[in-house]
Amino acid sequence: MENVNKELKVSALENGTVLDHIPAENVYKALDILNLRGIDNQITIGINLNSKLYGRKGIIKIADRFFADDELNRLALIAPHATVNIIRNFKVVEKKQLSMPERIEGIARCMNPKCITNHQPVRTRFTVIDENGEISLLCHYCEKRSSIKSLF
Amino acid sequence: MKKSLISIQDFSKEEILHVLETAKEFEKNRTQNFLEGKVIACIFFEPSTRTRLSFETAVNRLGAKVIGFSDATNTSVSKGETLKDTIKMVSNYVDMIIMRHPLEGSSRYASEVSSVPVVNAGDGANQHPSQTLLDLYSIMQTQGRLDHLKINMVGDLKYGRTTHSLLQAMSHFNPEFVFTAPEELKMPVEYKDFLKDKGIRYTETTSLEEHLDDCDILYMTRVQQERFTDPMEYEKVKNVYRLEASMLDNVKQNMKILHPLPRVNEIDQDVDDTPYAYYFKQAENGLYVRMAIISYLLGYR
């Protein structure tokens with residue numbers, strides 16, 4: 001609890017969402033997967049912060065923005081252990097754990113160069129396959145598997 | 001509610017058996033006319049002789065009329081029209097679309113855009129479900145059953161879509177598989193995992209001789225040059241297996257040799273005259289099975 005308070009002082013987020021424990025190397029991907037590039041909200045980003053649990057971590061704080069669960073769950077694809085803190089009036093009013101989405105639409109590219117989605121304006125659709133923590137994506141169209149690394 | 005056939009896994013075991021039973025009816029009497037007045041589009045964005053002629057014959061033998069093209073170069077596709085627009089336009093004219101396209105997933109996409117049923121006649125290296133159903137029909141007709149058979153798949157098991165789809169379809173019927181392939185063309189892990197999940201036994205070998213004598217179905221495939229991106233890899237494996245009549249002395253009496261055709265060197269011509277050769281009859285079966293698929297999807301059987 002003491003730890004959380006210290007962090008909150010740094011950014012002094014009055015209202016908004018804090019995404020914590022993102023793998024440091026996936027912070028930029030996290031911005032993309034949540035469509036945060038180009039929005040007008042104040043965003044504080046920390047990369048390579050020390051974390052007792054994960055070594056180096058990333059953190060993203062977005063002011064005045066609250067996400068729907070299925071939006072947040074996309075983040076599980078690249079940051080399965082991320083935690084979400086909802087801040088209202090400088091206080092953490094809710095903590096959320098992410099759950100892996102079963103299906104995703106429009107946020108990943110198919111790795112198969114012969115897939116229709118790479119040649120025509122088709123919105124991509126995937127089923128998420130979780131094999132003991134190894135995440136891959138099964139294309140709804142060409143039925144091929146893409147590794148999660150093909151995201152963006 | 002329109003029903004399309006895009007992937008063999010779109011059909012339940014019951015639907016598969018229903019289509020095979022219907023194909024038996026059409027094999028007994030191949031002149032039907034209950035689709036008179038219907039128009040069916042056969043749109044082939046890449047060349048195919050066997051599949052297109054077989055589908056068009058099936059449509060004609062059911063009494064319907066065919067429109068379409070066998071090559072996209074003289075159509076508005078060459079002007080840059082999207083697949084979506086082509087399908088929207090064609091589906092306004094006809095009662096069903098049968099399509100082949102070089103891109104994988106194109107048929108699934110077309111079925112989502114189309115207002116009429118779509119039959120996938122091959123989408124790149126992905127699916128070709130009418131081939132799978134005619135393979136099943138050929139197995140059923142030669143063995144009298146589909147259950148508890150030992151199936152030896154030979155050749156390109158890595159890129160060959162027919163073996164992948166047949167494996168998925170046969171998984172309903174408690175089979176045992178042998179995968180005969182060179183190291184470079186082995187059955188991909190995801191299909192072996194699929195079998196493990198279902199508790200289906202398989203063995204792998206690089207030797208064609210090893211399991212000739214204990215299988216019920218020998219499913220030969222061609223090593224398809226067009227699926228290789230590396231020409232050196234193709235040269236290494238193109239003539240890896242060659243079946244000759246002299247190798248068949250000790251095979252099971254009920255054993256039949258299937259091949260999706262066209263063959264190149266993998267089956268010697270002297271095999272054609274043995275009682276085990278079934279691949280030409282197998283191609284003929286395609287007509288009855290395609291008649292059955294069309295009748296079923298349009299709600300007539």
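Modeller: A helix axis here is a line fitted to the C-alpha atoms over the stretch in contact, and an angle between two axes runs from 0 to 180 degrees between N-to-C directions. Please keep in mind that this is a predicted model.

Biologist: Happy to start there! How are α1(B) and α9(B) oriented to each other?

Modeller: Helix α1, residues 13–28 of chain B, packs on helix α9, residues 279–297 of chain B, with the axes 8 Å apart and an angle of about 120°. Angles of 65 to 115 degrees count as roughly perpendicular and those over 145 as roughly antiparallel. The two helices α1(B) and α9(B) are therefore oblique.

Biologist: How do the residues of the contact of α1(B) with α9(B) divide into nonpolar, polar and charged?

Modeller: On the α1(B) side the contact includes Val19(B), Ala23(B) and Phe26(B), and on the α9(B) side it includes Val289(B), Met291(B) and Ile293(B). Glu27(B) in α1(B) also takes part, as do Thr22(B) in α1(B) and Ser295(B) in α9(B). By class, the residues of this contact divide into nine nonpolar, three polar and one charged.

Biologist: Helix α5(B) meets α9(B) too. In what handedness of crossing does α5(B) pass α9(B)?

Modeller: The axes of α5(B), residues 129–143, and α9(B) come within 8 Å and cross at roughly 115°. Leu133(B), Leu134(B) and Tyr137(B) are among the α5(B) residues that meet α9(B), where the partners include Gly286(B), Val289(B) and Ile293(B). As for handedness, the crossing of α5(B) with α9(B) is right-handed.

Biologist: Which element gives the most to the largest nonpolar core?

Modeller: That core has 95 residues, and those with the most contacts inside it are Met96(B), Ile97(B) and Ile98(B). Leaving out residues up to four places away in sequence, Ile98(B) touches Ile40(B), Ala41(B), Cys42(B), Phe55(B), Val119(B) and Ala121(B). With nine residues, the element that gives the most to this core is α9(B).

Biologist: How many residues does the second, separate core have?

Modeller: Look at chain A for some of its members: Leu13(A), Ala30(A), Leu31(A) and Leu34(A) are included. The number of residues in this separate core is 19.

Biologist: Which helix gives the largest share of the side of chain B that touches chain A?

Modeller: Across the interface, 12 residues of chain B are in contact with 15 residues of chain A. The chain B side divides into three nonpolar, six polar and three charged residues. Its largest share, three residues, comes from residues 106–113 of chain B, helix α4.

Biologist: Is Asn89(A) buried or exposed?

Modeller: Asn89(A) sits in the loop between β4 (83–88) and β5 (91–97) of chain A, and its phi is near 55°, a positive value in a residue other than glycine. Most residues other than glycine have a negative phi. Asn89(A) has 7 inside 10 Å, so it counts as exposed.

Biologist: Which residue does a cis peptide bond join to Leu261(B)?

Modeller: Leu261(B) is in the loop between β9 and α9 of chain B, with phi near 60°. Having 16 C-beta neighbours inside 10 Å, Leu261(B) counts as partly exposed. The cis bond, with omega about 0°, joins Leu261(B) to Pro262(B).

Methods. Residues are numbered from 1 along each chain as its sequence is written. Chains are lettered from A and ligands numbered from 1 in the order in which they are written. This is a predicted model: local features need pLDDT of at least 70, side-chain atom pairs count only at pLDDT 80 or more; totals for chains, interfaces and linings use all residues. Helices (H or I, at least four residues) and strands (E, at least two) are DSSP runs, numbered from the N terminus. Angles under 35 degrees count as roughly parallel, over 145 as roughly antiparallel, 65 to 115 as roughly perpendicular and the rest as oblique. Two residues are in contact if their C-beta atoms, placed from the backbone, lie within 7 Å. Ala, Val, Leu, Ile, Met, Phe, Trp, Tyr, Cys and Pro count as nonpolar, Asp, Glu, Lys and Arg as charged, and the others, Gly among them, as polar. A nonpolar core is a set of buried Ala, Val, Leu, Ile, Met, Phe, Trp, Tyr and Cys residues joined through C-beta atoms within 7 Å. A residue is buried if 20 or more other C-beta atoms lie within 10 Å of its own, exposed if 12 or fewer, and partly exposed in between; C-beta atoms are placed from the backbone. A crossing is left-handed if the near helix is turned anticlockwise from the far one by less than a right angle, and right-handed if clockwise.
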